[in-house]
Amino acid sequence: METNVGNNTRIPKSGAPVTKVSSGRLSWKEKIAYGFGDFGNGFMFDLGQAYLTKFFTDVAMIAPGIVGTIFAATKIFDAFMDPLAGSFIDGRKKISHRGKFRPVMMVSACVLAVLTVITFTMPNISMKGKILYALLTYMAWGVVYSFTNVPYGSLASVMTRNVEDRAELATTRQAGSLGAQLVTGVAFIPIVMMFTNHGGKPSAHGYTIAALVMALAGVLGFVVCYLGTREHVKVNRQASDTKREGFKEYAKVIFTNKPLGAMILLTLFTISAMNTNNTMMVYFCQYNLGNLALQPIVNGIMMGASVVAILLIPTLVKRFGKKQTAIVSFIIGAVANGLNFILPTNIVTFILLVTIGYVALAIPNGITWAFVSDVIDYGEWHTGIRKEGITYAAFNFSRKLAQSLAAIISAGILGLTGYIANEHQSASTLLGIKSAMTLYPAIALVMAAIIIFFLYGLSDDKYRQIAEDLSNGRWEHGIIGESQKED
């Protein structure tokens, strides 16, 4: 009896010597198809992060402080739903030729599209009813998002173990995400503005139509990913405990996987910085720059430059390594955002510096997806048991907390500085918007650089040794499937 462990490597279950065959590389067609998953994801996930706060405060007329509470409560609730998604996926026993992750991803993406439209729809009811509606619909959206994103993120870890391939998968994924941000950033508000009320202000109907268009595009992105990818890495599933476990297993995965812990802390700052930037952009353009029509122009420049820049990720990783590239990028981004806060508001300097800051954040955020696949393999190598779903769910926990943090910062600053929807803002409100837009990302990127420098110890060379062991059916203390020793 033999078990497939790598792309082209077969391991006798008895632990007998292995004949190793050179592993194949992924085609660019498949790498690009994988990136389309985050392209589809961005039309629904990034849409909510960038515009739902604006919809709640300016259309539903919910107070900013309550909006911040809604986002914080739902994101924390969603974070604790991730273990359920991860354990459900890890516990799947009837795996067809379609694979372990792709079917769950595709079905959930279709449901997520429907809920995306629902969150941007507000019935004409009392304010208490609106608050409850916003809370429950966004909470439901977050639960389904977990069942979409956890299998999608885990998929990369079983597509390849090649370091260069993973860097390129990270590039196409980040390109997909930024591509969706670019399209939504340029097109969403103009679509909304096609539907205005008698006062010339955006109507609720416009937001719903715009969300519907974006959600349909999102589903199409996931369809391309589903049809164009395959799970090539053959994993010894018999060695894994396939029972569905909850928070205890979730916590164990976090505390026995040190590189994962570093990624969780890192993401808390990077994703909150990006989401705060995206959320506050529409407010900054409308009030600080005095023209809402500038928002798609600024986003087009900022995100367009980022899409081009992240194509350099494979070259930068090959030359300098993932960790070094991320650290330098964080430092550049922190300096650019800091200058943008200090300098007087000027449209030219603002666009230049916000673009540099966003590019410098987009590059390490892209590299993060390669880090995540690496820490999944590290967990298998360290414990002898592979837990893709629960490991990615643990990582996704930090993204949910980061989103909650961004919502608290964005809506909280609006509330504390006296923001009044659709009116001229005070000097303190304008300073608050500028602080959230520039100063917070500067601080967050400094923290991210410190975390990855001191806490992330999984170098590319060390990972290659781990990948070699796994491809030969070995973990840290022996042959996979014969015995496991969990720390």
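This is a guided tour of a predicted model, stop by stop.

**Before you start**

Residues are numbered from 1 along each chain as its sequence is written, and side-chain values use heavy atoms, with hydrogens and water left out. Because the model is predicted, local features need pLDDT of at least 70 and side-chain atom pairs count only at pLDDT 80 or more, while totals for chains, interfaces and linings use all residues.

**Whole chain**

Helices (H or I, at least four residues) and strands (E, at least two) are DSSP runs, numbered from the N terminus. Of the 487 residues, 61% are buried. Buried means under 20% relative accessible area, exposed over 50%, and partly exposed in between (1.4 Å probe, protein chains only). Contact means heavy atoms within 4.5 Å. Among contacts between residues at least 6 apart in sequence, 83% join residues at least 24 apart.

**Stop 1: helices H4 and H7**

Select residues 102-119 for H4 and 204-228 for H7. Their axes come within 8 Å and cross at roughly 175°. H4 is therefore roughly antiparallel to H7. The angle classes are: under 35 degrees roughly parallel, over 145 roughly antiparallel, 65 to 115 roughly perpendicular, the rest oblique. Axes are lines fitted to C-alpha atoms, for helices over the stretch in contact, and angles run from 0 to 180 degrees between N-to-C directions.

Now show side chains. On H4, the contact residues include Arg102, Met105, Met106, Ala109 and Ala113. On H7, they include Ala211, Leu212, Ala215, Val219, Phe222 and Tyr226. The residues of this contact divide into 16 nonpolar, 2 polar and 1 charged. Here Ala, Val, Leu, Ile, Met, Phe, Trp, Tyr, Cys and Pro count as nonpolar, Asp, Glu, Lys and Arg as charged, and the others, Gly among them, as polar.

Zoom in on Arg102. Its charged end sits over the ring of Tyr226, 4.5 Å from the centre. The criterion: NZ of Lys or CZ of Arg within 6 Å of the ring centre and within 35 degrees of the ring normal. For another case, select Lys54, which lies over the face of Tyr283 at 4.7 Å from the ring centre.

**Stop 2: aromatic rings**

Select Phe, Tyr and Trp. The whole structure holds 26 aromatic pairs. Rings (for Trp, the six-membered one) pair if their centres lie within 6.5 Å; planes under 30 degrees apart count as stacked, over 60 as edge-to-face and the rest as tilted.

Go to Phe120 and Tyr207. This pair is stacked, at 6.5 Å centre to centre with 5° between the planes. Phe120 lies in the loop between H4 and H5 (127-155) and Tyr207 in H7, so the pair ties together parts 87 residues apart in sequence. Phe120 is buried at 1% relative accessible area. Tyr207 is buried too, at 2%.

Next, Tyr287 and Tyr419. Their pair is edge-to-face: 5.7 Å centre to centre, 75° between the planes. Tyr287 is in H9 (residues 258-288) and Tyr419 in the loop between H14 (388-416) and H15 (427-455), so the pair ties together parts 132 residues apart in sequence. Both are buried.

Then select one aromatic cluster, whose members include Phe45, Tyr51, Phe71, Phe120, Trp141, Phe188 and Tyr207.

**Stop 3: helix H3**

Select residues 82-90. In H3, 7 of the 9 residues are buried, so the rest of the structure largely encloses this helix. The buried ones are Asp82, Pro83, Ala85, Gly86, Ser87, Ile89 and Asp90.

**Stop 4: single residues**

Which residues are in contact with Asn340, leaving aside its neighbours within four places in sequence? They are Thr349, Phe350, Leu353, Val354, Lys434 and Thr438. Asn340 is in H12 (residues 322-342), and is buried at 5% relative accessibility.

Ile347 lies in H13 (residues 347-383) and is partly exposed at 35%. Beyond neighbours within four places in sequence, Ile347 is in contact with Leu289 and Leu294. Ile347 and Leu289 are 58 residues apart in sequence, yet 7.0 Å apart C-alpha to C-alpha.

Finish with two backbone checks. Met61, not a glycine, has a positive phi of about 65°. Met61 is found in the loop between H1 (28-59) and H2 (64-79), partly exposed at 46%. Asn422 also has a positive phi, near 60°. Asn422 is in the loop between H14 and H15, partly exposed at 25%.
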